[in-house]
Amino acid sequence: GENVEQHPSTLSVQEGDSAVIKCTYSDSASNYFPWYKQELGKGPQLIIDIRSNVGEKKDQRIAVTLNKTAKHFSLHITETQPEDSAVYFCAAPSSGGSYIPTFGRGTSLIVHP
Amino acid sequence: EAGVVQSPRYKIIEKKQPVAFWCNPISGHNTLYWYRQNLGQGPELLIRYENEEAVDDSQLPKDRFSAERLKGVDSTLKIQPAELGDSAVYLCASSLDQGGSSSYNEQFFGPGTRLTVL
């Protein structure tokens with residue numbers, strides 16, 4: 001099955017700085033990579049995703065890049081704000097025809113005002 | 001539009017006691033998922049339903065866990081008897097039909113039920 005590694009486990013930045021979270025995956029057949037944000041006491045919420053036919057996708061202050069050769073993908077948050085503080089999870093599909101995500105262990109992002 | 005509803009939000013029980021969690025998915029979502037999230041980790045799938053049929057339950061500990069989704073809408077996840085290691089957040093999620101590996105529909109998660117087994 002799929003193995004997803006995520007790092008760092010914690011990331012502390014000053015407001016306005018950029019934050020980068022990286023993930024690697026093991027199954028070369030994987031072709032869909034979502035990122036989730038989980039705030040305290042809430043369930044994960046999809047914030048951006050990328051499919052294997054593109055190398056980069058942007059949505060305002062967040063972007064995701066994908067390197068299929070190296071089997072890694074990254075989340076980039078620019079101009080961080082305190083409300084960006086949360087736990088972020090990457091995911092990749094488990095093997096098989098239907099999409100069951102295998103999640104990384106999460107990155108706790110703290111943005112200091 | 002209402003999101004995924006779960007109850008209770010918190011549950012504290014003693015080991016060997018039974019416990020049940022309830023989930024109401026987003027209206028029109030045929031696919032329903034139950035995940036377990038241990039502290040400091042990502043969610044792990046326990047079971048997935050397509051309408052009322054359980055199509056992926058390979059990670060569900062069947063000796064003590066059971067689930068049902070009568071009429072293909074609400075779902076209940078039960079643990080009997082609970083063990084100390086079952087302490088976790090149990091998340092329910094729903095999505096439109098999964099169209100196979102080339103068509104991924106967004107999963108919407110509920111707030112979860114935090115279970116503490118003493």
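Trainee: How many residue pairs are in polar contact between chain B and chain A?

Mentor: Three, counting pairs with both residues at pLDDT 80 or more. That confidence cut-off is there because this is a predicted model.

Trainee: What makes a pair count as a polar contact?

Mentor: N or O atoms have to come within 3.5 Å, with one able to donate a hydrogen and the other to accept it. Three residue pairs between chain B and chain A pass, so they get the name.

Trainee: Which elements give two or more residues to chain B's side?

Mentor: Strand 4 (31-37) and strand 5 (44-50) of chain B. Strand 4 gives the largest share, three residues. By class, this side has eight nonpolar, 10 polar and four charged residues.

Trainee: What is the area buried between the chains?

Mentor: About 1700 Å², with carbon and sulfur atoms giving 54%. The contact takes 22 residues from chain B and 20 from chain A.

Trainee: Why is a set of residues called a nonpolar core?

Mentor: Because its members are buried nonpolar residues joined through side-chain atoms within 4.5 Å. The largest such core has 23 residues, and A:F33, A:W35 and A:Y88 are among those with the most contacts inside it. Strand 4 (32-38) and strand 9 (86-93) of chain A are among the strands that each supply at least two of its residues. Apart from it lies another core, of 21 residues, including B:L77 and B:V117.

Definitions and conventions
Residues numbered from 1 in each chain as written. Chains lettered and ligands numbered in written order. Predicted model: local features only at pLDDT ≥ 70, side-chain atom pairs only at ≥ 80, totals over all residues. Heavy atoms only, no water. Contact = heavy atoms within 4.5 Å. Buried area = accessible area lost by both parts, 1.4 Å probe. Polar contact = N/O pair within 3.5 Å; in protein donor to acceptor, adjacent residues only side chain to side chain. Helix = DSSP H or I, 4+ residues; strand = E, 2+ residues; numbered from the N terminus. Nonpolar A, V, L, I, M, F, W, Y, C, P; charged D, E, K, R; others polar. Buried < 20%, exposed > 50% of the residue type's maximum accessible area, 1.4 Å probe, protein only.
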